[in-house]
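These notes are meant for a colleague opening this model for the first time. Please keep the sequence and the structure in view while reading the points below.

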Amino acid sequence: MRWLTLFITLLYVGCQPSYSQPELEFTPKSCEVAVYLAKRSLAMYRANNDQFDVMVMLNNYDVSGNSEAYVGKVYTQVMAVDLKKNVYKAFKDEAIIKQFATACTKRLGLKIPKGK
């Protein structure tokens, strides 16, 4: 009886989709937001702000429940370290933004889970 109870409990807990999140899709609007935030991030890095300051700015960016803007914000958060590296390698902002935008448009249609 103990094993049956354990099995039923595990079956019940294992079948709950508590970890699942709705998925959001990359759109052209998402890339526009990502490029805008990348430009702000680059300006902050050029002004000798550290990565913490940039991440605080990105975290505080208000998306007002807009899922497309949320995807762009998350993408920029993920790429913040790469932006920092490119600034310290002395690449020009135009070249960095061009590559950033190209990489974002290659992800159009990709889905990411919506965070809480």
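1. The protein chain exposes about 7900 Å², of which carbon and sulfur atoms supply 59%; accessible areas come from the Shrake-Rupley method with a 1.4 Å probe, and for residues only the protein chains shown count as cover. Of its 116 residues, 31% count as buried, where buried means under 20% relative accessible area, exposed means over 50%, and partly exposed lies in between (1.4 Å probe, protein chains only).

2. A word on the source: this is a predicted model, in which local features need pLDDT of at least 70 and side-chain atom pairs count only at pLDDT 80 or more, while totals for chains, interfaces and linings use all residues. Residues are numbered from 1 along each chain as its sequence is written, and side-chain values use heavy atoms, with hydrogens and water left out.

3. The secondary structure comes to five helices and two strands, which follow the pattern α-β-α-α-α-α-β when read along the sequence; helices (H or I, at least four residues) and strands (E, at least two) are DSSP runs, numbered from the N terminus. Among contacts (heavy atoms within 4.5 Å) between residues at least 6 apart in sequence, 76% join residues at least 24 apart.

4. Helix α4 (residues 67-88) has 22 residues and reaches 32 Å from its first C-alpha to its last, close to the 32 Å expected, the expected span being 1.5 Å times one less than the number of residues. The buried residues of α4, including Y75, T76, M79 and L83, pack against β1 (23-25), α2 (28-46), α3 (51-60), α5 (93-105) and β2 (111-113).

5. For α2, the 19 residues should span 27 Å at 1.5 Å a residue, and because its end C-alpha atoms are 27 Å apart, the two values agree. Its buried residues, among them A34, V35, A38 and L42, pack against β1, α3, α4 and α5. Just after α2, N48 takes a positive phi of about 65 degrees.

6. Which residues does F100 touch, not counting residues up to four places away in sequence? F100, placed in helix α5, touches A34, V35, A38, Y75, T76, M79 and L83. With a relative accessible area of 5%, F100 is buried, and its C-alpha atom is separated by 8.6 Å from that of L83, 17 residues apart along the chain.

7. The count comes to one salt bridge, defined as a side-chain nitrogen of Lys or Arg within 4 Å of a carboxyl oxygen of Asp or Glu. D93 forms this salt bridge with R46, the closest N and O atoms being 2.7 Å apart. The pair links distant parts of the chain, with D93 in helix α5 and R46 in helix α2, 47 residues apart. D93 counts as partly exposed because its relative accessibility is 28%, and R46 counts as partly exposed at 38%.

8. On the surface, M1, L4 and I8 form a nonpolar patch with about 360 Å² of accessible area together; patches are made of residues with over 30% relative accessible area and no salt bridge, like charges being joined within 9 Å and nonpolar side chains (Val, Leu, Ile, Met, Phe, Trp, Tyr) within 5 Å. L4 is found in helix α1 (residues 2-14) and, at 46% relative accessibility, counts as partly exposed.
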